[in-house]
Amino acid sequence: MHMIEVDRVDLICGGRAILREVNLCVGRGKCCALVGPNGSGKSTLLSVMAGYTWPTSGQVRVAGQVFGKVNLAEVRRHIGLIEPSRMPGFNERMALRELVATGFFGSIVIPIGAEIGPEQWSKVVAGIEALGLAGRERDVFAMLSTGEQMKALIARAMVSGANVLLLDEPTVGLDIGARAAFMKTLDELLSSPQSPTVVIVSHHLDELPLNVEAVVLMKDGAIFDAGRPEHVLTSEKLSILYGCDVHVFRRDGRYAASVGGA
């Protein structure tokens, strides 16, 4: 069964086509990567999947729920959208455990009067530990490193019961060590029996998860190519996509690319 289905989606804004006839399906528990130049529509497509941007035409379904025919607020409770460039405005004094607990309510604060039971707090602690932050429950979120904050946001999405995780350039701003740690965490999450469906936007091939199932190449708001990574991530296709000489290779199971003369 497909968890995400995008059917003939167009988005016109100010007379300009942002998305053009986009068709995309992502299976339950699978990982799909969106790759392409700046302005190709990747982040916009992610926002459409999350129900925050409404297409001009076409249809979006998540877990069989058709956007426009269901309560979107309820659907979004099961979608974790993580955009480091647009971090939600959490209270700077909020402890890590409290931030993760906001995932139960789909808000940036724990609502006044809300009760969180022992079972829920246990779930919060388990989520924090699963993301490699054991013993940090009472640390102030704002004082965590950028990489640790990204892990915290994933933990927040998972305690909410999110079965879809949408990641928009999740390693932006991370140093080499934090980036490697985050990628390891994502690989472990995707290899677990309860893996969510993941769609990740990235500019760098070496940041794609080891077990990415499908890659979608985007250009000028349309799908340039899509399929298994070994069929799509080729030197020839990426050279055409980016308009320069791109050499694609694999190292330790991960894809990578180098650029020659333009």
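Select T171 and E207: their side chains make a polar contact at 2.8 Å. A polar contact is a pair of N or O atoms within 3.5 Å; within protein, one must be able to donate a hydrogen and the other to accept it, and residues adjacent in sequence count only if both atoms are side-chain atoms. This is a predicted model, in which local features need pLDDT of at least 70 and side-chain atom pairs count only at pLDDT 80 or more, while totals for chains, interfaces and linings use all residues. Residues are numbered from 1 along each chain as its sequence is written, and side-chain values use heavy atoms, with hydrogens and water left out.

T171 sits in the loop between β7 (164-168) and α6 (176-191). Helices (H or I, at least four residues) and strands (E, at least two) are DSSP runs, numbered from the N terminus. Is T171 buried or exposed? With a relative accessible area of 7%, T171 is buried. Buried means under 20% relative accessible area, exposed over 50%, and partly exposed in between (1.4 Å probe, protein chains only). Not counting residues up to four places away in sequence, T171 touches R179, F182 and E207; contact means heavy atoms within 4.5 Å.

**Along helix α6**

Next, select K184 and E188, whose side chains meet in a salt bridge of 2.5 Å, N to O. A salt bridge is a side-chain nitrogen of Lys or Arg within 4 Å of a carboxyl oxygen of Asp or Glu. K184 and E188 are separated by about one helical turn, because they are 4 residues apart in helix α6. E188 counts as partly exposed, at 40% relative accessibility.

**Other salt bridges**

How many salt bridges does the structure hold? The structure holds 12. Select E230 and R228 for another example: their side chains meet at 3.4 Å, N to O. E230 is partly exposed at 40% relative accessibility, and R228 is partly exposed with a relative accessible area of 38%. Salt bridges that share partners join K30, E213, R228 and E230 into one network. Then move to D7, which forms a salt bridge with R8, the closest N and O atoms being 3.4 Å apart. D7 is partly exposed, with a relative accessible area of 24%.

**Helix α1**

Now select residues 42-50, which form helix α1. In this helix, 7 of the 9 residues are buried: K42, L45, L46, S47, V48, M49 and A50. Just after α1, G51 takes a positive phi of about 80 degrees.

Begin with K42, which is buried yet has no salt bridge. The side chain of K42 does reach the backbone oxygen of G36, at 3.0 Å. Leaving aside neighbours within four places in sequence, K42 is in contact with residues including L34, V201, H203 and M218.

Apart from residues up to four places away in sequence, M49 touches I4, V6, L24, V60, V62, F67, I79, L166 and V199.

**The largest pocket**

Rolling a probe the size of a water molecule over the atoms shows where empty space is left. About 660 Å³ of space lies in the largest pocket. Of the 26 residues that line this pocket, the closest to its centre are Y52, R76, I79, G106 and R156. Select α1, α2 (72-76), β6 (79-82) and α5 (146-159), the elements that give two or more residues to the lining. β6 gives the most, with 4 residues.

On a 1 Å grid over the protein atoms alone, a pocket is an open set of points where a 1.4 Å probe fits, with protein on both sides within 12 Å along at least five of seven lines; lining residues have an atom within 4 Å of a point. Grid points are joined across faces, edges and corners, and a volume is the space filled by probe spheres set on the points.

**Two positive phi angles**

Finally, select E21 in strand β2 (residues 16-27). Phi of E21 is near 50 degrees, a positive value in a residue other than glycine. D220, in the loop between β9 (214-219) and β10 (222-227), has a positive phi of about 55 degrees although it is not a glycine. E21 is partly exposed, with a relative accessible area of 45%, whereas D220 is exposed, with 51%.

Terms used. Lys and Arg count as positive and Asp and Glu as negative; His and the chain ends are not counted.
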